Amino acid sequence: VRFTLAHGCPLRRLLASLAPATAFTLRFAPVPAPASAAATSLRLAAAQAATERANLVLFAACSLFALPVFVISMVAMGIPSFQRVLRRAMWEGGGVSWEAGLLLVLSTPVQVWLGRGFYVGAWRAARAHTATMDTLLAIGTTAAYGYSVLATITSAANPPPPGHPIVIPLFFETAVFLIFFVFLGRLLEGRARGRTSAAIGSLLSMVPGTAIVVEGSSEVEVDLGLVEVGDMLRVAAGTRVPTDGLLVGQTGADGVDVDESMITGEAAAVHREVGDSVVGGSVVVQGQAYLRATRVGGDTALAQIASLVATAQSSKAPMQALADRISADFVPTVVAIALIDFIVWVTLTSSQLVPPSWVPPAESPFLFALLFAISVLVIACPCALGLATPTAVMVATGVGAEHGLLLKGGAALEGARNVTVVAFDKTGTLTLGKPAVSSLIIPPRDRSTRRKHARAQASFGPPRVLRGDKVVDVPSGSLRRTLRLLGAAEATSSHPLATAVVSFVDQVLQPADTSAAVAASPPPSVTSTSTRAGRGIVAVVEGRRLVVGSRAMMDEEGVDVSAAVVDAAEAAEAEGASSVYVAVDGRLAAVLGLTDQVRPEAAVVVRALARRGVDTYLITGDNERTAAAVAATVNIAPNHVLANVLPQNKAAVVRQLQAGEGAESGAAVGSVNVMMVGDGVNDAPALAAADVGVAIGAGTDVAIESAGVVLMRPSLEGIVHVLDLARATHRRILLNFAFAFVFNVSCIPLAAGVFYPAIRPVRLPPVVAGAAMAASSVLVVVSSLALRRWKPKSIVA
């Protein structure tokens, strides 16, 4: 029975209730949704497996015919006794020898049946007014096979006298061996491609097939497909986490250690505490963990990674377009060269402009010229040229995934190779994304009972500033009530600063005197909220209107801020803090300074980028003083700091950098390639606008979706590693191009017989040309596989 469950249907309980009521065995076989990451991975993996099977079938079928053809034409015809038998007529008085008859029977299925794909490809190319390698193969094999068939028919129509051997030049084996070598090359290429895709299978195989679900006081082991979001799971030490989850408990008091090397590439285990996320497929090294499942099936991180890698390996890099253009012009040129070569040799040999001894006794001038032309067509097949880019991209994306660098295809690789400017977001990118309240500015209050203009605040002296450990020593009274309203308003936002404010409020409102009215009162009710992108929020909480945000928002709302408060806030900003102003019913109530710790590796990464000739910029919505303080910490030049940039304007700023406005990398105006690094929802447009968008793996789903590169390890070092991998891949592609192009160009004169007068009777037979063509393709694949030895270099300050 096949059925689809409605969202939220308790599948385990459904199966449990059906089991006693039926005599049938119930099996669970989940089918992933067509658009899910798991379905994409399975679909691409199935397509590749099907291609490999098809190549194997074609090669095996061709081998069944090629082996006897080889024995007859290459072995038996070299043994006098067998040669005499094979050159006898198949019937009394006939003109068809056993050699011709057997080779015709064996080669026809190869040419017409197994080789029909070449004709289909050549026909499609002709309809598109272009030419491909299928065109060359179709012409070359048809010429060899067609000439042999014509020679056989001519011999049958003009039989020799009875008892005489039938000696005619045949080249059935040439057509068969050409097709055989093409199939062999494709089989080896497919096997090599399979090696590059092994990362996908190894990732998906790391997820256990079952999970231990905690239901009340009991535990039950269920199929992984039956795990639902919200289930409580127990993971013992030494076992793998079945699905993505949130750590809600552990046996020890100090959290658990988890090995996430298959995701991040980081060998050392990471410490997780209650409230931290744990990735499915990771190993609990120490301690016993209790998780709350947050993502299951195709939505897990491993499934998403597998999908990204599979999609990237099947994508086409921009450099492949160059190879396609070269092939499109190269193939017609080769056909023209082969035709000219044929005409020249026919003319020279037929008119005896060259000595007759140049032509072997068993060949006519026509056949002599035809073999040269066929060799040109075969040796010049641009197979290796077509493989130069895709094989390197496949290997690079697989290697990147092994080291925690998810590259979404060849476009991201090529874009990273050309990067001259790297622009960083601040919060969560250059910083850890875990801000905390480091200062609290309490403005002076007007204690009169009469309503006065807000400017009267300035007459009551300087504001009170709480810093460090003293920041939570908030005096009781109206400010605590204000913070209670603030916490309720900020709880409606998922911004990191809002989360930090809520945490601060919770800490403040837990006084030693638990009988306090503020602590005992229920949470405030939020009537309405309005978000001002890049500025803050406006909320109505218990009938009070709160404005929470930047200084600019205070000006927009007409909230007066005294000069003393501004000076105190700017002093905190100069130390890297972000100021959050809080106004209640039009009057300033407090200014919170939030500090986010700069990532320890940020300065080292900026210096490493500078050594690679890459400029760095900071793009943030924060104020100039805070941005300048962070930029100074990480060694970004002051004139490369772009502050007060609203989220909707970040993409425009990226486009300005791309146009060369402000870039100092020496690139010409309009030729700057920009890499944008971010992690938040508001970074998504900028990530999409950049030549290469890089998302931190711990960032939001929207940012990860918009980026071309995802760093699974929460470290900025991955940016440098991406550039290094992209440049290594580009060098490998150029090497592949050089080899393929030199091979084709250098071998054409040899195949055409240009050097025949000097080296005769040595020439390049079509069979040898076919073997060389297949070998060149395999060598390009092997060259690309050398990228598997790439490893990230240590970044030293």
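Q: In this predicted model, which side chain does arginine 545 meet in a salt bridge?
A: A salt bridge pairs a side-chain nitrogen of Lys or Arg with a carboxyl oxygen of Asp or Glu within 4 Å, and here the side chains of arginine 545 and glutamate 557 meet at 3.1 Å, N to O. Arginine 545 lies in strand β16 and glutamate 557 in the loop between α19 and α20, so the pair ties together parts that are 12 residues apart in sequence.

Q: How many residues apart are aspartate 555 and arginine 551 in helix α19?
A: They are four residues apart, which means a separation of about one helical turn, and the closest N and O atoms of their salt bridge are 3.6 Å apart. As for networks, salt bridges that share partners join Arg532, Arg545 and Glu557 into one.

Q: Where are the partners glutamate 219 and arginine 234 placed?
A: Their side chains form a salt bridge of 2.9 Å, N to O, and the pair links distant parts of the chain, with glutamate 219 in strand β2 and arginine 234 in strand β3, 15 residues apart. Glutamate 219 is partly exposed at 41% relative accessibility, whereas arginine 234 is buried at 18%.

Q: What is the peptide bond from arginine 760 to proline 761?
A: That bond is cis, with omega near 10°, and proline 761 sits in the loop between α27 and α28.

Technical notes. Residues numbered from 1 in each chain as written. Predicted model: local features only at pLDDT ≥ 70, side-chain atom pairs only at ≥ 80, totals over all residues. Heavy atoms only, no water. Helix = DSSP H or I, 4+ residues; strand = E, 2+ residues; numbered from the N terminus. Buried < 20%, exposed > 50% of the residue type's maximum accessible area, 1.4 Å probe, protein only.
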